[in-house]
Amino acid sequence: MQMRCTAKAAAFGIFVSLSLTVSATASETVRNTYDAKGRLTNVDGSNSGSGSRVYSFDKADNRTRMQNTGAGATVLNGDAENPAVSNYAYNPSAPDLVFYGGAGIAQNGGAWGFPAPWSGNQVFFIQASGNTAGYVEMKAVRLTVGQRYQFAFASAQRPGFPANNMKIYIDGNLVWDAPPDTADRFTPHPTQSFIASKDTATIRFAATPTSYDSSSAVDAVSVQPLN
Ligand SMILES: [Ca+2]
């Protein structure tokens, strides 16, 4: 835990701001800032998508407003790290994710034999066999309407199996239609850019149905605003 105090002389008095930095989770630090009266005025998250909350008060010290500022767009659970699975799991119960058919989460070093994850310790897998195919859906949130965005992801083939043509849809619109590049490593890719028409978007990574067993792995799904 880190504590930092600063004091500044102002024209009509002296105010003190106090910042407390605490580890909220293993991957995020949250900094709370208090004013001279001990009121919470700011909450800042370290993750790019966390943004800040700013609290305002009236003269009677009543909290009058909470404003979210600087909260960036993000893909919820887009790194396939939650929940942690043992080896692999088809259709796991996972926060903010929807799985269908032959799809799930695979652990690094597990039976699927995928190369090391692009990020973290787990990846998504989507599998086709018997002319059916699985998919995984995830949500992008905090999009700004009218802003142009681009999704990015990393993909890999399953070693020892034929490549599967992977399709990516954003709110039902096809933005990617190609197999992963290789089976020996993950390769990062951007998708086509798009202009947000609402503040959320659904991203689907789908295998293409095949009569034989073919699979792809996906990791590190992210969204970035473009200028
Ligand atoms: Ca991952």
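User: Why is R63 called exposed in this predicted model?

Analyst: Count the other C-beta atoms within 10 Å of R63 and you get 12. The cut-off for exposed is 12 or fewer, so R63 counts as exposed. You'll find R63 in strand β6, which covers residues 63-69.

User: What makes β18 largely enclosed by the rest of the structure?

Analyst: Burial does. A residue is buried once 20 or more other C-beta atoms lie within 10 Å of its own, and 5 of the 7 residues of β18 are buried, so the strand is largely enclosed.

User: How do you know that β18 pairs with β13 and β15?

Analyst: Pairing takes at least two bridges. β13 and β18 have 6 bridges and run antiparallel, with K139 partnered to T202 of β18. β15 and β18 share 5 bridges, again antiparallel, and there I170 sits opposite I203 of β18. So both pairs pass the cut-off.

User: What makes F205 stand out in the largest nonpolar core?

Analyst: The core has 40 residues, and F205 is among those with the most contacts inside it, along with F124, I126, V136 and I203. Strands that each supply at least two residues of the core include β11, β13, β15 and β18. Skipping neighbours within four places in sequence, F205 is in contact with F124, I126, Y135, V136, M166, I168 and V218.

Conventions:
Residues numbered from 1 in each chain as written. Predicted model: local features only at pLDDT ≥ 70, side-chain atom pairs only at ≥ 80, totals over all residues. Helix = DSSP H or I, 4+ residues; strand = E, 2+ residues; numbered from the N terminus. Core = buried A, V, L, I, M, F, W, Y, C linked by C-beta atoms within 7 Å. Contact = placed C-beta atoms within 7 Å.
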